[in-house]
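Subject: Structure handover

Hi,

Have a look at it first, then read on.

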Amino acid sequence: MDNIRIVMVRTYTAGNIGAASRAMKNMGLHKLMLVSPREFPSEEATKMATRGAEDVLQGARVVDSLYSAVHDCELVIACSARPRYFDLPVLSPEQAAQRLYSTANRKTTSEKAGSPSVALVFGPEKDGLHNDDIKLAHYRVTIPASPENTSLNVASAVQIISYELNKHHMLHEGTVRSIDDHLLQVPTLSSSTNRRSSIELPSIAARESFYETLEQVFKDTGVANKDDPRHLMQKVRRILDRAEPDDSELNLLRGALANIQRRLSEKE
């Protein structure tokens, strides 16, 4: 569970940060990152984190952007009930927990130290995650709720998915003998989703660097509108997210872009 981080973005109510810390501690998680919280540190947060979760709250890291919180992660899952025009593949809480846990516990090659870091991202209480936040994720997880009111309190959402993560941890550690012992029923994942558990994926930083280079090549070659390439880049992101390129595949594409840029500079 050491490589799993909970990221709370622009949290408005400090008490929710404390309540989320307590939910994490209950389920064996301790890495909390806060992106531009309205108020932190806070007495209200400390009050809500009582009964043993003070260490999670005290160890929380505050950063100024979601990119800073997840740039070194191989897998990022955003929690949001709201579909987007350019949407991500959607997972259930059980599927999200399985993906996060299996990736965080995968052994890497000698080029990378330890196991990959993964992140579960939660948005602000009032309006949720923005589209610019969602684009940094690989999947969107949604918690089934009543159609009359699909919006959960952010600390409650942290509790639900942390619980699913802890079930996988107990199975892995042998705390429970079988899935049935803990009433864990995980839906069958697609072959492409299972594939992600066994390969090394590019970090968010590597992925965003590739997209920046690709956008520049599109502008230089006239493929994209220089003034506003966003619509095209959203479509390209969606295509490549479905393809799920691993580290070596993305490096191959980066090499191709570098060659194109070199040829363009030679013609100038």
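A quick definition to start: a contact means heavy atoms within 4.5 Å. Among contacts in this chain between residues at least 6 apart in sequence, 81% join residues at least 24 apart.

Before the details, keep in mind that this is a predicted model: local features need pLDDT of at least 70, side-chain atom pairs count only at pLDDT 80 or more, and totals for chains, interfaces and linings use all residues. Residues are numbered from 1 along each chain as its sequence is written, and side-chain values use heavy atoms, with hydrogens and water left out. pLDDT is the predictor's confidence in each residue, from 0 to 100. The chain averages 86, and 88% of the residues score at least 70. Residues 182–188 are the stretch to treat separately: pLDDT stays under 50 there, and the model has 21 contacts for them beyond four places in sequence.

**Overall layout**

The chain has eleven helices and seven strands. These are DSSP runs numbered from the N terminus (helices are H or I, at least four residues; strands are E, at least two). Of the 268 residues, 46% are buried, where buried means under 20% relative accessible area, exposed means over 50%, and partly exposed is in between (1.4 Å probe, protein chains only).

The seven strands make an open sheet with parallel pairing, in the order 3-2-1-6-4-7-5. Strand 3 (61–63) and strand 5 (90–91) sit at the edges with a single partner strand each, so one side of each has no neighbour in the sheet. Two strands count as paired if DSSP finds at least two bridges between them. Strand 1 has five bridges to strand 2, running parallel, with Val-9 opposite Val-35. Strand 1 also pairs in the parallel sense with strand 6 (residues 118–122), again over five bridges, and there Met-8 stands opposite Phe-122. Helix 5 (residues 93–104) packs on the sheet, touching strands 1, 4, 5, 6 and 7, and its direction makes about 155° with that of strand 4. For that angle, axes are lines fitted to C-alpha atoms, for helices over the stretch in contact, and angles run from 0 to 180 degrees between N-to-C directions. As for strand 2, four of its five residues are buried.

**The cores**

In soluble globular proteins, nonpolar side chains tend to be buried together. I use "nonpolar core" for a set of buried Ala, Val, Leu, Ile, Met, Phe, Trp, Tyr and Cys residues joined through side-chain atoms within 4.5 Å. The largest one here has 39 residues, of which Ile-6, Leu-32, Ile-77 and Phe-122 touch the most other members. Helix 7 (residues 154–173) gives the most to this core, with six residues. A second, separate core has 19 residues, including Leu-66, Val-70, Cys-73 and Leu-129. Leaving out residues up to four places away in sequence, the residues that Ile-77 touches include Leu-91, Leu-100, Val-121 and Val-141.

Ala-19 is in helix 1. Beyond four places in sequence, Ala-19 touches Met-48 and Ala-155.

Helix 9 (residues 204–221) has 18 residues and spans 26 Å from its first C-alpha to its last, close to the 26 Å expected; the expected span is 1.5 Å times one less than the number of residues. Its buried residues include Phe-210, Tyr-211, Leu-214 and Phe-218, and what covers the buried residues includes helix 4 (66–70), strand 4 (75–79), helix 10 and helix 11. Gly-222 follows helix 9 with a positive phi, near 80°.

Most residues other than glycine have a negative phi, and most peptide bonds are trans. Which peptide bond is cis, with omega near 0°? The one from Phe-40 to Pro-41, and Pro-41 lies in the loop between strand 2 (31–35) and helix 2 (43–48).

Two residues other than glycine have a positive phi to look at. Arg-10 has a phi near 50° and lies in the loop between strand 1 (4–9) and helix 1 (14–26); Arg-10 is partly exposed, at 27% relative accessibility. Glu-244 has a phi of about 50° and lies in the loop between helix 10 (230–243) and helix 11 (247–267). Glu-244 is buried, with a relative accessible area of 7%.

Cheers
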